[in-house]
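My entries follow in the order I looked things up.

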Amino acid sequence: MPGNTLQIHKLTPVIGAEISGIDLAAPMDSATFDTIHQALMDNLVIFFRDQSLNHAEQIAFGARFGKLHIHPAAPSVPGHPEVMIIHADANSTYVNGESWHSDVSCDEEPPMGSILHINTLPEFGGDTMFANMYAAFEALSTPMQTMLSQLTALHDGEMLYRGRYTSNDQARVYPKANHPVIRTHPVTKRQALFVNSFFTARINELSRGESDALLAFLFRHIETPEFACRFRWQKNAMAFWDNRSAQHHALWDYFPQTRSGTRVTIQGDRPFYKS
Ligand code: SIN
């Protein structure tokens, strides 16, 4: 919109940038859209503060970047199936995203990105960590990169979703899909590691023992601190991450306090590997 004076401040050299000087509830002109999209490509996750968006405005902002995704299992805001509820309090037995993952990677076409708005926070804690999966790929040795580039893995929603949101899900079928272990980002063309501990059940071309050992190594590798940034939320902050190049981990260090927000998720395309 005219009058925006967008400023982009990197959080680390590797991942994350905070953007100020914009009201995301307002209509966005194409130059501003291009700047935000490029900031997302460059930084993998972008953050905004002091954004008072209602559900319709959050939907409208997300829809600028693509069709919105409906979560296969998690509860949504009544009347807005594309707005997922993120909530934890003294009665919670889990929180969304409490381990490193890329959202719904068990879909045949996993989400391109997710936009989370937090409106209620504990006094301290409830940060979210984000990690750069290009950096995770690039830090591996050439022989390991070469081997991983030839492999595919099964991502299985059953592992996470069965019984998580309701005990009454016997009749439900959760998504599962095979994806390349290294995926080529469709926009940047860079290679990113694409396995995660929430959904990746096994590497298809290896024996069970080989697959378990390699996945254990990769899940630990993803946690390398130098690949990551940590975002300290404030009321009405927003985070927009690229699920194709980043993983995230929501820290549940605030029990029994309350943390709440809403997420809209943008549809993506089928992961591919191209050397
Ligand atoms: C998620 O979408 O995985 C939850 C992230 C968060 O609550 O910080």
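I began with the lining of the second largest cavity, where strand S5 gives the largest share, three residues. The model is predicted. I listed the residues lining this cavity as Ile86, His87, Ala88, Val95, Asn96, Ala250, Tyr254 and Arg259. By class I found five nonpolar, two polar and one charged. Its volume came out at about 40 Å³.

I then searched the whole structure and found two cavities of 30 Å³ or more. For the largest cavity I noted a volume of about 200 Å³. It has 21 lining residues, and those closest to its centre are Asn96, Gly97, His101, Asp103 and Arg263. Strand S5 (80-88), helix H5 (158-161), S15 and S16 each give two or more residues to this lining. I sorted the lining into eleven nonpolar, six polar and four charged residues.

Next I asked where the ligand sits. I found it in the largest cavity. Around the ligand I recorded Ile86, Asn96, Gly97, His101, Asp103, Leu116, Thr128, Trp241, His248, Ala250, Arg259 and Arg263. Strands S15 (246-250) and S16 (259-266) each supply at least two residues of this shell. The shell holds four nonpolar, five polar and three charged residues.

I noted a distance of 2.5 Å from a ligand oxygen to an N or O atom in the side chain of Thr128. For the side chain of His248 the corresponding distance is 2.9 Å, and a polar side-chain atom of Arg259 lies 2.8 Å from a ligand oxygen. On its own the ligand has 260 Å² of accessible area, and the protein covers 99% of that.

Key
Residues numbered from 1 in each chain as written. Predicted model: local features only at pLDDT ≥ 70, side-chain atom pairs only at ≥ 80, totals over all residues. Heavy atoms only, no water. Near = heavy atom within 4 Å. Polar contact = N/O pair within 3.5 Å; in protein donor to acceptor, adjacent residues only side chain to side chain. Areas by Shrake-Rupley, 256 points an atom, 1.4 Å probe, with all protein chains shown as cover. 1 Å grid on protein atoms, 1.4 Å probe; cavity = no way out; pocket = protein on both sides within 12 Å on 5 of 7 lines; lining within 4 Å. Sits in = over half its atoms within 2 Å of the grid points. Helix = DSSP H or I, 4+ residues; strand = E, 2+ residues; numbered from the N terminus. Nonpolar A, V, L, I, M, F, W, Y, C, P; charged D, E, K, R; others polar. Points joined across faces, edges and corners; volume = space filled by probe spheres on them.
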